[in-house]
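Subject: Structure for your review

Dear colleague,

Please find the structure below, followed by a short account of what was found in it.

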Amino acid sequence: MLLIKVICSTYLVCLMNYVYGYYTLKFLGIRNFDSTIFEKISVGIFALGSFSLLINFFNPINPFVNNSFLIIFVILLFFQFKSKSLTNRILINILFVSLLSLLLIAFAKFQEDFPWYSLPYISLVNFEKISFGISNVQFRFGHISILQYSSSALPNFLINNEFISLPNVIIFSSFSLLILNELILNKDSKKTPDLYFYLFFLSIFIFTKFTRFSEYGNDVPAHVLVFFTIYNFIKFQNVKNETYKKSIFKKILLFSTIAVLQKIQYLFIILLPIYLIIKNKNIIYKNLLIITCCIFISSTWLIKNFINT
């Protein structure tokens with residue numbers, strides 16, 4: 001009975017983030033048929049984190065807020081089923097992500113630093129608004145990652161508090177499956193040698209380095225987001241279709257922003273979209289919505305850090 005509960009809760013978290021990611025990408029003008037399961041789940045996780053961050057300026061992320069997120073998810077899920085955009089293949093892929101996530105949790109001593117500052121901050125967010133000077137209690141509270149807000153949004157009347165650490169694992173699991181799919185099943189990836197070799201050597205690195213998952217904690221999602229941004233940057237250089245290039249640029253901008261919000265030390269990754277903007281200034285006018293959203297969320301996150309310190 002416990003195993004069924006764990007599997008169902010993990011699947012529900014993955015599906016919830018997928019649905020939020022689907023509609024977030026749609027709002028930002030990124031074509032969903034060009035997006036992978038990893039992209040939708042990752043964007044969904046950080047969309048929930050961004051909503052929680054904004055709400056936390058005025059209110060704790062309490063059960064009412066979290067259950068509201070769940071109700072909105074059910075409504076959005078209904079529309080996805082109605083439009084037939086949520087196919088059996090997608091549901092099966094989400095199941096694979098869930099099972100791989102469970103395997104990681106089962107065979108790893110997960111996140112040794114999680115009880116030190118991540119869990120206390122999530123608990124603080126669930127009970128209090130953003131607090132002035134809270135970093136005096138624990139200095140890491142002054143630059144906490146956006147993923148802690150994503151975790152704080154999960155507990156509701158269907159998902160227990162025990163599953164708040166799932167977003168970290170889900171990002172890695174979905175990215176691992178993306179790499180395997182591109183290397184083994186996607187024959188088109190071999191047509192772009194530099195992209196294929198990048199993924200090949202990247203797979204060697206992550207499957208040897210990050211199998212010791214407990215050593216890295218919040219670093220794993222940040223690494224994954226940086227790797228994926230570089231992957232899209234390489235792809236951008238090799239694509240000729242202008243519509244597709246526009247979609248890839250949006251991904252570069254979005255995922256580089258998320259990587260910085262996850263770990264401020266990866267600020268350098270912002271140089272990639274800046275380089276593309278300098279090279280072609282017309283990109284700004286074609287992507288005003290997503291640029292505005294990224295600047296707004298980044299500014300909000302910086303204000304939160306300033307208040308905390």
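Please note that this is a predicted model.

A disulfide is a covalent bond between the sulfur atoms of two cysteines. The search of the whole structure returned 0 disulfides. C293 accordingly takes part in no disulfide, and its nearest cysteine sulfur, which belongs to C294, lies 7.0 Å away. A disulfide would require the two sulfur atoms to be within 2.5 Å.

The next topic is charge. Side chains of opposite charge can pair when their charged atoms come close. Across the whole structure, the search found 1 salt bridge. The partners are E39 and K251, whose closest N and O atoms are 2.9 Å apart. Since E39 belongs to helix α2 (residues 37-56) and K251 to helix α10 (residues 242-262), the pair ties together parts that are 212 residues apart in sequence. E39 counts as buried because its relative accessibility is 2%. K251 is also buried, with a relative accessibility of 2%.

Finally, there is a nonpolar patch on the surface, formed by I71, I75, F78 and F79. Together these residues have about 410 Å² of accessible area. One of them, F78, is found in helix α3, which covers residues 63-83.

Yours sincerely

Note on methods. Residues numbered from 1 in each chain as written. Predicted model: local features only at pLDDT ≥ 70, side-chain atom pairs only at ≥ 80, totals over all residues. Heavy atoms only, no water. Patch = residues over 30% accessible without salt bridge, like charges linked within 9 Å, V, L, I, M, F, W, Y side chains within 5 Å. Areas by Shrake-Rupley, 256 points an atom, 1.4 Å probe, with all protein chains shown as cover. Salt bridge = Lys/Arg side-chain N within 4 Å of Asp/Glu carboxyl O. Helix = DSSP H or I, 4+ residues; strand = E, 2+ residues; numbered from the N terminus. Buried < 20%, exposed > 50% of the residue type's maximum accessible area, 1.4 Å probe, protein only.
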